[in-house]
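This briefing sets out how the chain shown below is organised.

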Amino acid sequence: MKITWLLRAACAVAIAATGMSAAAQEKTGNKPGFALAPGTARIVLMRPTIWVGEQSTGGMAEPNADWTMQARETIARALADAQAGLGNVVISYDEGSSGEGALVSEYSQLFGAVAESVIEYQFFSGNRLPTKKRKDSFDWGVGGDIARLKSLEGGDYALFINVHDEYGSTGRKILQVVSLFAPGAAVTSGVHKGHAGLVDLKTGELVWLNADQQMGGDVRTAEGAAKRVRQLLEGFPGRPAEAPATAATATATASPTTGE
């Protein structure tokens with residue numbers, strides 16, 4: 001009973017911290033002047049980079065292969081459901097006979113690093129670099145060499161998606177509550193972040209990014225993955241004004257007991 005109370009208190013603290021973080025930081029950015037009309041582009045959906053594990057009592061991230069596999073399956077299904085509402089032709093990445101799989105994986109990792117830099121040095125106004133202080137400044141990219149990849153020929157943009165989740169262990173959640181009584185020793189439990197971005201395949205420029213360090217949805221479940229994908233693709237350029245709702249979205253809207 002005592003542990004249950006502590007866990008509930010930890011959840012309350014996490015929710016409050018999330019609210020403060022969200023209020024202080026932007027989540028979406030566009031290259032100035034970029035616009036994407038529905039039905040005008042061919043978008044290559046890259047293989048999402050997904051990592052799921054547990055956060056130990058001491059804060060170490062420990063990978064969990066079963067959870068990661070579950071998340072890959074649920075995220076893949078949720079993305080398949082969401083594609084019809086993105087307003088343009090979306091095709092899944094296919095290496096074919098190019099032999100570029102390893103190189104493309106490196107680009108996915110590079111995208112993640114760029115997205116983290118955008119969060120740190122542009123979205124968070126307190127750390128904004130001198131060259132990023134203007135509201136109309138959004139100059140980021142993965143390099144023009146991406147245009148040379150044969151496996152991406154015929155595409156106008158690449159849609160990269162990264163998901164990283166660390167679920168706090170029981171010990172970590174208890175430590176979070178205990179830290180409330182030790183001034184200056186704040187402890188957080190769990191990490192749930194994600195990035196979704198469009199890269200221009202002719203120039204390598206990042207033209208749209210949606211990135212959040214405090215995302216919702218348990219990606220190990222179908223319902224949670226659907227929620228996460230909706231958050232990742234929020235504000236997606238080129239989406240029709242009244243995009244058809246996916247089955248997952250319709251279900252979530254119709255069911256007030258989902259907690260979303």
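Strand 1 and strand 8 pair in the antiparallel sense over three bridges, where pairing requires that DSSP find at least two bridges between two strands. In this pairing, N30 stands opposite W208 in strand 8. Helices (H or I, at least four residues) and strands (E, at least two) are DSSP runs numbered from the N terminus. The model is predicted, with local features needing pLDDT of at least 70 and side-chain atom pairs counting only at pLDDT 80 or more, whereas totals for chains, interfaces and linings use all residues. Residues are numbered from 1 along each chain as its sequence is written, and side-chain values use heavy atoms, with hydrogens and water left out.

- Strand 8 is largely enclosed by the rest of the structure, because seven of its seven residues are buried; buried means under 20% relative accessible area, exposed over 50%, and partly exposed in between (1.4 Å probe, protein chains only).
- Six bridges link strand 7 and strand 8 in the antiparallel sense, and A196 has N210 as its bridge partner in strand 8.
- The hairpin of strand 7 and strand 8 has five residues between the strands, and G204 takes a positive phi near 80 degrees there.

**Other strand pairings**

- Strand 2 pairs in parallel with strand 5 (residues 89-92) over four bridges, with R42 opposite V89.
- Strand 2 also runs parallel to strand 6, to which three bridges join it; L159 in strand 6 is the bridge partner of L45.
- Strand 3 and strand 6 are parallel and share seven bridges, with I50 opposite V163 in strand 6.
- Strand 3 is joined to strand 4 (residues 61-63) by three bridges in the antiparallel sense, and G53 faces P63 in strand 4.

**Overall make-up**

- The protein contains six helices and eight strands, in the order α-β-β-β-β-α-β-α-β-α-β-β-α-α from the N terminus.
- Of the 260 residues in the protein, 40% are buried.
- Among contacts (heavy atoms within 4.5 Å) with a separation of 6 or more, 74% are between residues 24 or more positions apart.
- The accessible surface is about 13,500 Å², of which 56% belongs to carbon and sulfur atoms; such areas come from the Shrake-Rupley method with a 1.4 Å probe, and for residues only the protein chains shown count as cover.

**Helix 2**

- Helix 2 has 18 residues and reaches 26 Å from its first C-alpha to its last, close to the 26 Å expected at 1.5 Å a residue; the expected span is 1.5 Å times one less than the number of residues.
- Its buried residues are T68, A71, T74, I75, A78, L79 and A82. They lie on the same side of helix 2, because they cover an arc of only 140 degrees around the axis, the arc being that of the directions from the helix axis to the C-beta atoms.
- The cover over these buried residues includes strand 2, strand 3, strand 6 and helix 5, while the face turned away from the buried side carries the exposed residues A65 and D66.
- A76 is also in helix 2 and counts as partly exposed, at 44% relative accessibility.

**Helix 3**

- The end C-alpha atoms of helix 3 (residues 101-123) are 31 Å apart, which agrees with the 33 Å that its 23 residues should span at 1.5 Å a residue.
- Buried residues of helix 3 include G101, V104, Y107, F111 and F123, and their cover includes strand 1 (28-30), strand 3, strand 6, strand 7 and strand 8.
- S105 is found in helix 3 and, at 40% relative accessibility, is partly exposed.
- S105 and M46 are 59 residues apart along the chain, and their C-alpha atoms are separated by 9.1 Å.

**Nonpolar cores**

- A nonpolar core is a set of buried Ala, Val, Leu, Ile, Met, Phe, Trp, Tyr and Cys residues joined through side-chain atoms within 4.5 Å.
- The largest nonpolar core has 30 residues, and those with the most contacts inside it are I43, Y157, L159, I161, L198, L233 and F236.
- Elements that each supply at least two residues of this core include strand 2 (42-45), helix 2 (65-82), strand 6 (157-168) and helix 5 (222-232).
- Not counting residues up to four places away in sequence, I43 touches L36, N88, V89, V90, I91, Y157, L159, L198 and F236.
- A second, separate core of 24 residues includes V44, Y93, I119 and F123.
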